[in-house]
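This report goes through a ligand site, a domain taken from a record, and some points of backbone geometry. Please have the sequence and the structure open while reading.

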Amino acid sequence: MKARVVVHRDFRISTIDERLYSAFIEHMGRAIYSGIYEPGHPEADAHGFRKDVLKFVKDLKIPAIRYPGGNFVSAYNWEDGLGPKDQRPVRLDLAWRCKETNQVGIDDFAIWAEEAGIDMMLAVNLGSRGLEDARNFLEYVNFPGGTTWSDKRRGNGREAPYGVKMWCLGNEMDGPWQIGHKVATEYGRLANETAKAFKGFDPTIETIVCGSSNDGMPTYPEWEREVLEECYENVDYISLHKYFGNKSKDTLNYFGKIEETGRYIQTIGGVIDYVKAKKRAKNDVHICFDEWNVWYHIREEDGRRIKEWDWPEAPALLEENYNFEDALFVAGLLNEFIRRSDRVRIACIAQLVNVIAPIRAEKGGPAWRQTIYYPYQFASLYGRGDALNIAVDAGTYDCSVANDVSYLDVAGVHDKEAGKLTLFFVNRHLTESADLDVSLHGFANPTLADHIAMEGHDLSETNGPITQDKVVPTRGSGVGVEDGKLKGKLRPLSYHVLRLDVA
Ligand code: AHR
């Protein structure tokens with residue numbers, strides 16, 4: 001397959017907001033308990049956090065993390081997680097039909113986030129609760145002292161406020177499964193009042209309002225219009241969620257879902273523009289894609305288990321084993337976020353540890369990196385700078401979710417300060433290599449500095465606690481710069497990160 005690609009340093013989409021590579025972690029399954037937190041584990045630090053897991057987290061250079069939910073937040077009392085651990089209440093988690101021991105609360109999680117070097121993005125409960133509890137939470141987290149809630153925080157050992165700037169106004173409020181589910185205007189009004197109060201407290205706070213739970217919801221995209229019409233001036237982002245899978249075992253169609261996601265982003269961009277115009281508003285609202293990942297391998301099985309179980313504590317849940325095909329998918333989806341970075345400013349992989357996660361950890365046992373860890377890591381490490389608008393001519397295919405899907409998926413990021421151009425490629429072709437001919441315009445003396453590849457695997461290969469390094473990146477070969485052009489071959493079903501030194 002001939003693959004003609006044109007890159008120009010001046011064809012800029014936008015400067016990428018580094019929060020495009022954020023993550024999400026929820027009190028559910030073994031994400032927190034025996035995921036990041038396991039006192040008694042040989043790797044536990046003085047606070048009970050697992051150092052082996054923390055190391056993998058740090059290597060991802062994650063800028064921000066959304067916490068504590070997810071569906072969980074819609075019936076969560078944040079103050080249950082404060083103070084001496086032996087006095088914290090055990091509550092029913094109505095979202096996942098489990099028991100929540102509250103051994104990790106906001107002050108504990110903040111310690112972990114600080115250790116990991118990640119900013120917190122906190123969600124408030126607008127399901128079973130409302131503005132009153134949200135503003136108390138804000139006061140506890142962000143006010144210096146001398147008030148009821150800020151002094152409680154100081155009494156709990158944390159003198160300085162956390163200074164959290166990103167606040168999610170509930171979670172998936174359009175979903176009938178959500179505790180305290182609302183209709184759009186009802187939610188939009190509550191979100192507006194909450195956002196107004198938060199911005200009155202501190203105008204530099206950024207608020208994130210819930211869009212649809214996914215683009216298959218019956219109320220999509222009317223939900224977004226109605227909600228934004230209620231709160232446009234007081235919000236900075238609207239959230240999008242989408243999970244993916246290949247149940248039909250049709251690899252090309254699976255990859256086509258990335259194209260479909262592009263349409264989803266484009267549609268919500270259109271709704272934002274429409275409401276902005278209708279309201280004669282001055283402010284911009286961007287997209288916060290704060291839940292995305294592959295979720296299908298054991299989804300149905302988990303659904304059955306949840307219905308049957310008797311309120312367990314931190315059971316294994318949504319522990320998907322990701323294969324090589326999923327890694328190629330995730331690489332392509334991250335490319336789409338880079339291409340759409342003018343609209344999508346924040347995105348969170350859902351989730352981070354054990355629950356639909358790039359990192360897994362056995363209780364009392366080892367931690368390991370799943371296949372999808374690597375494309376997420378490389379996007380986060382090297383996908384910072386200016387996203388470039390790249391022309392690709394490599395042949396296309398039609399599938400049931402999209403037409404004209406390019407066999408070669410490309411995104412490019414120019415980091416001017418570092419003098420680096422990074423090109424991320426996925427060759428989606430099932431049988432043919434991509435014969436690359438990449439012209440590089442506006443860059444003086446480009447030289448290939450690094451070539452990382454994931455290739456040559458069966459699509460079903462996975463990593464596990466024993467065979468941890470079956471699907472890992474390797475040094476790529478066969479690509480080089482000739483007469484100012486990047487030339488070479490990319491094997492079928494392969495992922496490549498090509499880093500060039502550019503002047
Ligand atoms: O990430 C798992 C769940 O998926 C979240 O709790 C919810 O927001 C979404 O439906």
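## Ligand site

The model is predicted. The largest pocket is the space that the ligand takes up. Around the ligand stand F24, E26, G70, N71, W96, N171, E172, Y243, E291, W295, Q351 and I356. Sorted by class, this shell holds 5 nonpolar, 4 polar and 3 charged residues.

## Polar contacts and burial

In N71 the atom concerned is a polar backbone atom, and the distance to a ligand oxygen is 2.9 Å. The ligand taken alone exposes 280 Å², and 95% of that is buried by the protein.

## Domain from the record

An unreviewed UniProt entry places the feature "domain: Alpha-L-arabinofuranosidase C-terminal" at residues 290–494. Helix makes up 18% of the chain over residues 290–494 and strand 36%.

## Backbone geometry

Most peptide bonds are trans, and most residues other than glycine have a negative phi. The places below depart from this pattern.

Where are P68 and G70 found? P68 is in the loop between β4 (64–67) and β5 (91–93), and G70 is also in the loop between β4 and β5. The peptide bond from Y67 to P68 is cis, with omega near 5°. Another cis peptide bond links G69 to G70, with omega about 15°.

N354 is a residue other than glycine with a positive phi, near 65°. N354 lies in the loop between β12 (344–350) and β13 (359–361).

Methods
Residues are numbered from 1 along each chain as its sequence is written. This is a predicted model: local features need pLDDT of at least 70, side-chain atom pairs count only at pLDDT 80 or more; totals for chains, interfaces and linings use all residues. Side-chain values use heavy atoms; hydrogens and water are left out. A residue is near a molecule or strand if one of its heavy atoms lies within 4 Å of it. A polar contact is a pair of N or O atoms within 3.5 Å; within protein, one must be able to donate a hydrogen and the other to accept it, and residues adjacent in sequence count only if both atoms are side-chain atoms. Accessible areas come from the Shrake-Rupley method with a 1.4 Å probe; for residues, only the protein chains shown count as cover. On a 1 Å grid over the protein atoms alone, a cavity is a set of points where a 1.4 Å probe fits but cannot get out, and a pocket is an open set with protein on both sides within 12 Å along at least five of seven lines; lining residues have an atom within 4 Å of a point. A molecule sits in a cavity or pocket if more than half of its atoms lie within 2 Å of its grid points. Ala, Val, Leu, Ile, Met, Phe, Trp, Tyr, Cys and Pro count as nonpolar, Asp, Glu, Lys and Arg as charged, and the others, Gly among them, as polar. UniProt positions are given in the numbering used here, feature names are shortened, and annotations may be inferred rather than shown by experiment. Helices (H or I, at least four residues) and strands (E, at least two) are DSSP runs, numbered from the N terminus.
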